[in-house]
Amino acid sequence: MKSPVIIRNNIIPFKGYAAINLFGVFFVRKDVSIDPTLLNHELIHTRQMKETFYIGFYILYLLFWFFLLLKYKFNSNVAYWHIPFEIEAYANERNMKYLSQRRLYNWIRYMIIK
């Protein structure tokens, strides 16, 4: 697998977040150590982006977030943790073989609304 482009800075992502993946480019805070778990988490997002043609990922991500924001009474932290893309990435970030075993559009499995 091709190594991602990693840009270290203190602007993107916002404080409180270690990294953000924008179109397959990883923006990581300067003080954050990039361990295999963080890298795998962001690579899972890259796979999700590819299968939703990148722009679809961001449209769906925002739709999920807004819907969940309403569902959880404007608690943005809870809404974030319930986004299917994030649920899949966090659930599998420690499994370094996950991407080689992952089924196409597997994030849909995590859309079950509780």
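User: Where is Pro-13 found?

Analyst: This is a predicted model. In it, Pro-13 sits in the loop between strand 1 (5–9) and strand 2.

User: What kind of peptide bond joins Ile-12 and Pro-13?

Analyst: Start with the general idea: most peptide bonds are trans, and most residues other than glycine have a negative phi. Here the bond joining Ile-12 and Pro-13 is cis, with omega about 0 degrees.

User: You mentioned phi. Which value does Phe-74 have?

Analyst: The phi of Phe-74 is near 65 degrees, which is positive, and Phe-74 is a residue other than glycine. Phe-74 belongs to the loop between helix 2 and helix 3. Tyr-105 is another non-glycine residue with a positive phi, about 60 degrees, and it lies in the segment after helix 5.

User: How should I read helix 1?

Analyst: An α-helix has 3.6 residues a turn, so residues three or four places apart point the same way. For helix 1, begin with its length. Its 16 residues, at 1.5 Å a residue, should span 22 Å, and the end C-alpha atoms are 23 Å apart, so the two values agree.

User: How many residues of helix 1 are buried?

Analyst: Twelve of the 16 are buried, so helix 1 is mostly covered. Among the buried residues are Leu-38, Asn-40, His-41, Glu-42, Ile-44 and Met-49. The cover over the buried residues includes strand 2, strand 3 (25–29), helix 2, helix 4 and helix 5 (98–101).

User: Helix 4 is in that list. Which residues is Asn-92 in contact with?

Analyst: Asn-92 lies in helix 4 (residues 84–92). Its relative accessibility is 11%, so Asn-92 counts as buried. Setting aside neighbours within four places in sequence, Asn-92 is in contact with Asn-40, Ile-44, Tyr-98 and Tyr-110. Asn-40 and Ile-44 are among the buried residues of helix 1.

User: Which residues make up the largest nonpolar core?

Analyst: In soluble globular proteins, nonpolar side chains tend to be buried together. In this structure the largest nonpolar core has twelve residues, including Met-49, Phe-57, Tyr-61, Phe-64, Tyr-80, Phe-85 and Trp-107. Helix 2 and helix 3 are the elements that give two or more residues to this core. The largest share, six residues, comes from helix 2. Apart from this core lies another, of ten residues, among them Ala-19, Val-28, Ala-89 and Leu-99.

User: What is Phe-85 in contact with?

Analyst: Leaving out neighbours within four places in sequence, the contacts of Phe-85 are His-45, Gln-48, Phe-57, Leu-60, Tyr-61, Phe-64 and Trp-107. Of these, Phe-57, Tyr-61, Phe-64 and Trp-107 are also members of the largest nonpolar core.

User: How much space lies in the largest pocket, and what lines it?

Analyst: The largest pocket holds about 720 Å³ of space. It is lined by 27 residues, and those closest to its centre are Tyr-17, Ile-20, Tyr-61, Tyr-80 and Glu-86. The lining divides into 19 nonpolar, five polar and three charged residues. Strand 2 (19–22), helix 1 (36–51), helix 2 (55–71), helix 3 (76–81) and helix 4 each supply at least two residues of it.

User: How many cavities of 30 Å³ or more does the structure hold?

Analyst: A pocket is open, whereas a cavity is a space that the probe cannot get out of. The structure holds one cavity of 30 Å³ or more. The lining of the largest cavity consists of Ile-6, Ala-19, Phe-26, Val-28, Ile-34, Leu-38, Leu-39 and Glu-42. Seven of these residues are nonpolar, none is polar and one is charged. Helix 1 gives the most to this lining, with three residues.

Definitions and conventions:
Residues are numbered from 1 along each chain as its sequence is written. This is a predicted model: local features need pLDDT of at least 70, side-chain atom pairs count only at pLDDT 80 or more; totals for chains, interfaces and linings use all residues. Side-chain values use heavy atoms; hydrogens and water are left out. Helices (H or I, at least four residues) and strands (E, at least two) are DSSP runs, numbered from the N terminus. Buried means under 20% relative accessible area, exposed over 50%, partly exposed in between (1.4 Å probe, protein chains only). Contact means heavy atoms within 4.5 Å. On a 1 Å grid over the protein atoms alone, a cavity is a set of points where a 1.4 Å probe fits but cannot get out, and a pocket is an open set with protein on both sides within 12 Å along at least five of seven lines; lining residues have an atom within 4 Å of a point. Grid points are joined across faces, edges and corners, and a volume is the space filled by probe spheres set on the points. Ala, Val, Leu, Ile, Met, Phe, Trp, Tyr, Cys and Pro count as nonpolar, Asp, Glu, Lys and Arg as charged, and the others, Gly among them, as polar. The expected span of a helix is 1.5 Å times one less than its number of residues. A nonpolar core is a set of buried Ala, Val, Leu, Ile, Met, Phe, Trp, Tyr and Cys residues joined through side-chain atoms within 4.5 Å.
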